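Trainee: I'd like to understand how the labels for this model come about. Could we go through them one by one, with the cut-offs?

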Amino acid sequence: MVTGSWKSLCNVVEYSGIFDSEYRQPHSRCMENTRVILRKSITQVLDQRDRTNVWLNGLAGVGKTSIAFTIAEEMKAAKRLAATFFFSHKHSQKAVAIIPTIAYQLALAFPRIREDIVKAIENDDSLLSPGKSHADQMRELVIKPLEILRFREETYSIIIDALDECFSSEEAARLVTLLTDTLAGTALPFIHVIFTSRPEAHICAAIPSSIHEIRLTTRDENTIKDVRLFLRASLDKTRASRPAVFGQPPIPWPSEDEFETLVFKAGGLFVYAAMAMNFISAAGHDPQERLELLLREKSTVGADIDQLYRQIIATSEDPLAHCRMLASIINLAHPLPLVELQELFYADKRSLGVMLEAFSPVILNDGVGNVEIYHASLRDFISDPLRSKQYHIDSPHANEHLACCCLDFITRRDAARANIASSPRYLYPYQMWGIHLYLAHPSSKLRNLLALFTDTTLRFWVQTPSPEDLYLARTVRFARKACLSLRWIRGPSDIVVAWRLHKGCKKLAKLEMARNL
């Protein structure tokens, strides 16, 4: 029987954190016959009837998530997977959902403890609330229910992937300490925790000295061998799938020199190999020409992901404009589907399409789901001027572009408000314009759009509010905070805009209070 408490738990679960969730498509797993030795060494630890935990660390792009996913699949098939939480910048995950998400998976993996988890929620209405401590949640939702299983002979695994993409460095450190300390109790079944992350200082400091550490490097011989195997299989697949280019049966391709050069450039970096293959095999392009383009620029070191990103960007017809749009997509509060991006970037709709095609090797876009970057290393590249060089777009300017797009969208839509009822209601610009404005560089274009917005749309919101618009008080507060700062106020017109926002904020707050009475 489905109870209210079980429904409450299901409602707060962060499904994007579960390793095989549809929200995480396409799933990143190890190719067959790769990472065999590494996976075997991890499995040997997981088979031990003790409480040894594992920390798999390495630079971005060495394949940590693929390994974690593959291990999770194997443990699930063996009925030894207790829970997973895969962090990702691609999803708007909430810190409050981590422990409930683990508890939800435990209830499914071990039906015997589901009733105890439900009772814990029934006994404490605040257990799932945002303000509840993780320690209390862990004790009531995880540790106490698991004590029933303490006599089990099997060993189980909890996998926490991409700790470095956690909400904050403090949150990541607290989570490591919480899981390693509480799951070490002798009154529990044998549970191994696998953490994966970059070797960042705050995580290194939180990892206990007793942990089994595995460092992934781009110089490891087995990793380089696996990257070579991946490239050979991927190139053969491209050759076989393009008979118009390579004939039937297909001619040998590429040459040994070209292949060895590509292997050297990839080094031991799986993400380099994967994106290089995305670039080479892109539809509508000659694979040999794309390969030659990649190999044209000589590398003195392998695994130079920055060189690959710069080469892909340089192939677009307007690299700087397209990088600005790419930086805007990266700085969205959460990913959006293509149809919403087209509305948000209305003035640049054609440029958006061209950019997505040019950058298809590094962007996931199937035309239906969310448009997302292929790998988190692209975010690091664009935001670091020493790495992206002439293609660097900083966060304030990316947010300035987003704030302009949001305000343009809102003023266009609300100018034709009578016709909106029959058209799709895209909420992102209404929900996030104030936050992007708060983070934005105060350009003259943004100032002009904001002046128009406060003189027209904001007045309309205040005079004729609708139930959908009442949440706008929060976004107006962000805008007011930005416009009252010294970096914004440069003249009398800026003071007028700030005053309009201040008055609008007060009126919307009153409307919100009246609604809640």
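Trainee: Where is Arg-35 placed?
Mentor: Arg-35 sits in the loop between α1 and α2. Helices (H or I, at least four residues) and strands (E, at least two) are DSSP runs, numbered from the N terminus. Keep in mind that this is a predicted model, where local features need pLDDT of at least 70 and side-chain atom pairs count only at pLDDT 80 or more, while totals for chains, interfaces and linings use all residues. Residues are numbered from 1 along each chain as its sequence is written, and side-chain values use heavy atoms, leaving out hydrogens and water.

Trainee: Why does Arg-35 count as buried?
Mentor: Its relative accessibility is 4%. Buried means under 20% relative accessible area, exposed means over 50%, and partly exposed is in between, with a 1.4 Å probe and protein chains only. Arg-35 therefore counts as buried.

Trainee: What is the phi of Arg-35?
Mentor: Arg-35 has a positive phi of about 55 degrees, although it is not a glycine. Ala-162 is not a glycine either, and has a positive phi of about 60 degrees. Its place is in the loop between β3 (155-161) and α7, and at 7% relative accessibility Ala-162 counts as buried.

Trainee: Why do those phi values get a mention?
Mentor: Most residues other than glycine have a negative phi, and most peptide bonds are trans.

Trainee: Which peptide bond to Pro-26 is cis?
Mentor: The bond from Gln-25 to Pro-26 is, with omega near -5 degrees, and Pro-26 lies in the loop between α1 (4-12) and α2. The bond from Gln-248 to Pro-249 is also cis, with omega near 0 degrees. You will find Pro-249 in the loop between α10 (243-246) and α11.

Trainee: Why are α2 and α3 called oblique to each other?
Mentor: The axes of α2 (residues 36-46) and α3 (residues 64-77) come within 11 Å and cross at roughly 50 degrees. Those axes are lines fitted to C-alpha atoms, for helices over the stretch in contact, and angles run from 0 to 180 degrees between N-to-C directions. Angles under 35 degrees count as roughly parallel, over 145 as roughly antiparallel, 65 to 115 as roughly perpendicular and the rest as oblique. The crossing of roughly 50 degrees belongs to the rest, so α2 and α3 are oblique.

Trainee: Which hand does the crossing of α2 and α3 have?
Mentor: It is right-handed. A crossing gets that name if the near helix is turned clockwise from the far one by less than a right angle, and left-handed if anticlockwise.

Trainee: Which residues of α2 and α3 meet?
Mentor: On α2 they are Leu-38, Arg-39, Ile-42, Thr-43 and Leu-46, and on α3 they are Ile-67, Thr-70, Ile-71, Glu-74 and Met-75. Contact means heavy atoms within 4.5 Å. By class, this contact has 6 nonpolar, 2 polar and 2 charged residues. Ala, Val, Leu, Ile, Met, Phe, Trp, Tyr, Cys and Pro count as nonpolar, Asp, Glu, Lys and Arg as charged, and the others, Gly among them, as polar.

Trainee: What makes α11 and α13 oblique?
Mentor: The axes of α11 (residues 256-266) and α13 come within 10 Å and cross at roughly 55 degrees, so they are oblique too. Here the crossing is left-handed. Glu-258, Thr-261, Leu-262 and Lys-265 of α11 make the contact with Gln-288, Leu-291, Glu-292, Leu-294 and Leu-295 of α13. That gives 4 nonpolar, 2 polar and 3 charged residues.

Trainee: How do you know whether Glu-289 is buried or exposed?
Mentor: Glu-289 belongs to α13 (residues 287-296). Its relative accessible area of 54% passes the cut-off for exposed, so Glu-289 is exposed. Glu-171, in helix α7, has 11% and is therefore buried. Leaving aside neighbours within four places in sequence, Glu-171 is in contact with Ala-95, His-134 and Cys-166.

Trainee: What label does Thr-52 get?
Mentor: Thr-52, in the loop between α2 and β1 (54-58), has a relative accessible area of 22%, so it is partly exposed. Apart from neighbours within four places in sequence, Thr-52 is in contact with Val-45, His-192 and His-212.

Trainee: Where is the kink in α6 centred?
Mentor: On Glu-140, with a kink of about 30 degrees in α6 (residues 134-146). The bend at a residue is the angle between axes fitted to the seven residues ending there and the seven starting there. Buried residues of α6, including Met-138 and Leu-141, pack against α4 (98-109), α5 (114-123), α7 (169-182) and β4 (190-197).
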